[in-house]
Amino acid sequence: MKPPSPSSADAVVSVANLSRQFGAKLVLNDISLHVPRGGVFGLVGENGAGKTTLIKHILGLLRAEQGVVRVFGLDPVAEPVRVLGRIGYLSEQPDLPGWMRMEELMRYTQAFHPNWDADYAEKLRAQFGLNPTARLHTLSKGQRAKAGLLAAQAHRPDLLLLDEPSSGLDPLVRRDILEAVIRTVADEGRTVFFSSHLLEEIERVSDHVAMLHHGRLVFCGLLDDIKAHYRRIILRFATAQAKPPEVPGALSVTGAGREWAVVCRRGPDEHFIGAANLGASVVDEHRTSLSEIFVAHAEADAP
Amino acid sequence: MQLRIANTDGTPIYQQIVAQVRHLIAAGRLQPGEELLPIRTLAEQLTVNPNTVARAYLELERTGVVTKRHGSGTYVSEAASAMPQREKLKMIRQRVDALLVEASHLDIELDVLIEMLQQRHQAIHPETRQ
């Protein structure tokens, strides 16, 4: 098990210069990214950042008007059967036929997937505690998510695509979802693409992360590389500052009085900030969590 | 072998795993020759990416803390016992530093602190009393 390489050669999903407009609104603005095989790719962004629109392009539900989308090297709009047969998809609100019973859902989904593993499906059903004779409309939100997860995963897809799967679910169901992610990627060569606004989850399971903000890609790369480029630095001034100090290259500056916290990106000279010119001393410096990087970017890029 | 991953910490997860395995070895909770949990099992237990666990094990192997036996698992090196003294001292030094900072904030003099250490040592280990 090697960490997947970020090169485009072995990409499961390749997106190049994708833009999308709905009316006057530019929902995706010149997005290019590659999802390497064998890893977990986490996509973060606020609601309305364009995450679901991007995922709909990968699924072939939207045609690329500008730019190119390839999944397993194929155009998902032109070859939906060959692409979707190898994808397992779970959305925030899985669209399940409510009148069906659980066991009927399993037989129904199996019909679409030649690779369906009935033993594995049954194992998951038992593990998730889903009653085979229960009608789907009687299930709780958490059980519906589990039923959707079972249907998305029992054909052992090459690409498991999860769009905000954990939204509004309790920690136990969220753990089942994360375990499905881990099981998928633990099998050699299978890939997970996972969008969430729960940054702790993304940080825990992802090799690669990308952030969308107002339709633009803010960063995209190996999680550890991205984190290595940011620091949270505490500045202490000789006197209390009435307003946030101007720090060149800072994404966010918060605080009051004499101490201010600055989240910043490493500059071209390998330094994070030149504190000497600010009349302040650096009293502390730490690595940032993904969540701190995300918040700093969202504040810096606020319109 | 029980590890715990902190989310709020900016430290990369693989480094947290490496540090905690070293800690367990230094504390004697992982013995030379003992097998580490398989990558997949630990990944599921911690809900972290298996690639991250693999990277941590690789780092531990590179520094000689563990050895991989082909076809089976990853084991604590027999040589690992040669290293812990340094690791143990490093671990305890951090605790001592924290104690000294805390004591100085509370205006407790060093000789008072040393006396207290001796008293507490005798209270905790009565068998060593002269």
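The entries below go from confidence to overall build, then to single elements and the contact between the chains.

**Ground rules**

I am working with a predicted model, in which local features need pLDDT of at least 70, side-chain atom pairs count only at pLDDT 80 or more, and totals for chains, interfaces and linings use all residues. Residues are numbered from 1 along each chain as its sequence is written, while chains are lettered from A and ligands numbered from 1 in the order in which they are written.

**Confidence**

I looked up the overall scores and found ipTM 0.72 and pTM 0.81. Next came pLDDT, the predictor's confidence in each residue, from 0 to 100. Chain A has a mean of 88, with 94% of its residues at 70 or more. Chain B averages 86, and 92% of its residues score at least 70.

I then went through the elements, taking helices (H or I, at least four residues) and strands (E, at least two) as DSSP runs numbered from the N terminus. In chain B the highest mean belongs to α3(B), at 93, and the lowest to helix α4 (residues 84-105), at 83.

One stretch I marked with a pencil: over residues 1-7 of chain A, pLDDT stays under 50. For those residues the model has 19 contacts beyond four places in sequence. Two residues are in contact here if their C-beta atoms, placed from the backbone, lie within 7 Å.

**Chain A as a whole**

I noted nine helices and twelve strands in chain A. Its C-alpha trace spans about 70 × 45 × 40 Å along its principal axes. Of its 303 residues, 43% count as buried. My cut-offs: a residue is buried if 20 or more other C-beta atoms lie within 10 Å of its own, exposed if 12 or fewer, and partly exposed in between, with C-beta atoms placed from the backbone. Taking contacts in chain A between residues at least 6 apart in sequence, I see that 69% join residues at least 24 apart.

**Domains**

Domain bounds come from an automatic or database domain assignment. For chain A that gives domain 1 (11-225) and domain 2 (229-300), with C-alpha centres 36 Å apart. Their contact takes eleven residues from domain 1 of chain A and seven from domain 2 of chain A. On the domain 1 side, α7 (199-205) and β8 (208-213) of chain A are the elements that give two or more residues, and α7(A) has the largest share, four residues. By class, I count six nonpolar, one polar and four charged residues on that side of domain 1 of chain A. The classes are these: Ala, Val, Leu, Ile, Met, Phe, Trp, Tyr, Cys and Pro are nonpolar, Asp, Glu, Lys and Arg charged, and the others, Gly among them, polar.

Chain B is divided too, into domain 1 (13-81) and domain 2 (84-128), and the C-alpha centres of these two domains of chain B lie 30 Å apart.

**Helix α1 of chain A**

Is this helix enclosed or open? Helix α1 (residues 51-58) of chain A has six of its eight residues buried, so it is largely enclosed by the rest of the structure. The buried ones are Lys51(A), Thr52(A), Leu54(A), Ile55(A), His57(A) and Ile58(A). Just after α1(A), Gly60(A) takes a positive phi of about 80°.

**Asn115(A)**

I found Asn115(A) in the loop between α3 (102-110) and α4 (118-128) of chain A. Asn115(A) counts as exposed because it has 12 C-beta neighbours inside 10 Å. Leaving aside its neighbours within four places in sequence, Asn115(A) is in contact with His155(A) and Arg156(A).

**Where the chains meet**

Last, I looked at the contact between the chains, which takes 22 residues from chain A and 17 residues from chain B. On the chain B side, the elements giving two or more residues are α2 (39-46) and α3 (50-62) of chain B. The residues of that side of chain B divide into seven nonpolar, seven polar and three charged.
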